Amino acid sequence: MKKRIGFINFLPGIAWFFVIIFLTCLPGKDLPKIGWLEDIFFDKWVHIGLFGLLTFLFSYPIFKTEWTVKSKLSYFLLITILSSFWGLGIEFIQEYYVPGRSFDLLDWAADTVGALIAFWICSLQLRKQKTAVKV
């Protein structure tokens with residue numbers, strides 16, 4: 001039987017969720033324009049970091065459970081998918097509700113890449129954890 005994880009364990013992820021809302025809902029005129037940052041696609045790196053950290057913060061409490069590896073991986077995957085869809089939702093919010101912002105498919109792709117990188121890191125860490133227990 002799966003032991004429940006307390007709400008408090010997810011507070012960092014919930015807080016980060018609201019940080020993402022705040023940052024992505026800033027009006028376009030409030031965003032700094034620095035030419036060389038655009039040359040290195042800084043915007044996309046920020047999206048990767050925001051959604052990678054979101055996925056990790058919601059996945060981390062699951063490491064502490066005594067659930068099976070399969071259950072943990074299933075939750076990691078679910079969190080990854082939900083993070084990606086949240087990125088898509090943010091793009092629609094920007095398109096229709098945030099002045100000076102628009103829908104950008106590449107931003108959503110970067111959000112998804114960040115979530116997938118976090119899933120990959122969590123999966124690798126889970127394998128290390130599993131191996132350490134066997135030794």
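The exercises below concern a predicted model.

**Exercise 1.** Determine how α3 and α4 are oriented to each other, and which residues form their contact.

*Solution.* Begin with the geometry: helix α3 (residues 42–63) packs on helix α4 (residues 69–97) at an angle of about 150°, and their axes lie 9 Å apart. Angles over 145 degrees count as roughly antiparallel, and α3 and α4 are therefore roughly antiparallel to each other. Their crossing is right-handed. Next, list the contact: α3 contributes His47, Phe51, Leu54, Thr55, Phe58, Ser59, Ile62 and Phe63, which meet Lys72, Tyr75, Phe76, Ile79, Thr80, Ser83, Trp86, Gly87, Ile90 and Glu91 of α4. Sorted by class, this contact of α3 with α4 comprises ten nonpolar, six polar and two charged residues.

**Exercise 2.** Determine whether α1 is roughly parallel or antiparallel to α4, and describe their contact.

*Solution.* The axes of helix α1 (residues 11–24) and α4 cross at roughly 30° and come within 11 Å. Since angles under 35 degrees count as roughly parallel, α1 is roughly parallel to α4. The crossing of α1 and α4 is right-handed. Phe17, Ile20, Ile21 and Thr24 of α1 make the contact with Trp86, Ile90 and Gln94 of α4. By class, the contact of α1 with α4 has five nonpolar, two polar and no charged residues.

**Exercise 3.** State how many disulfides the structure holds, and classify Cys25 and Cys122 by accessibility.

*Solution.* The structure holds zero disulfides. Cys25 has 28% relative accessibility and so counts as partly exposed. Cys122, at 0% relative accessibility, counts as buried.

Note on methods
Residues numbered from 1 in each chain as written. Predicted model: local features only at pLDDT ≥ 70, side-chain atom pairs only at ≥ 80, totals over all residues. Heavy atoms only, no water. Axes fitted to C-alpha atoms, helices over the stretch in contact; angles between N-to-C directions. Helix = DSSP H or I, 4+ residues; strand = E, 2+ residues; numbered from the N terminus. Parallel < 35°, antiparallel > 145°, perpendicular 65-115°, else oblique. Left-handed = near helix turned anticlockwise from the far one by under 90°. Contact = heavy atoms within 4.5 Å. Nonpolar A, V, L, I, M, F, W, Y, C, P; charged D, E, K, R; others polar. Disulfide = S-S within 2.5 Å. Buried < 20%, exposed > 50% of the residue type's maximum accessible area, 1.4 Å probe, protein only.
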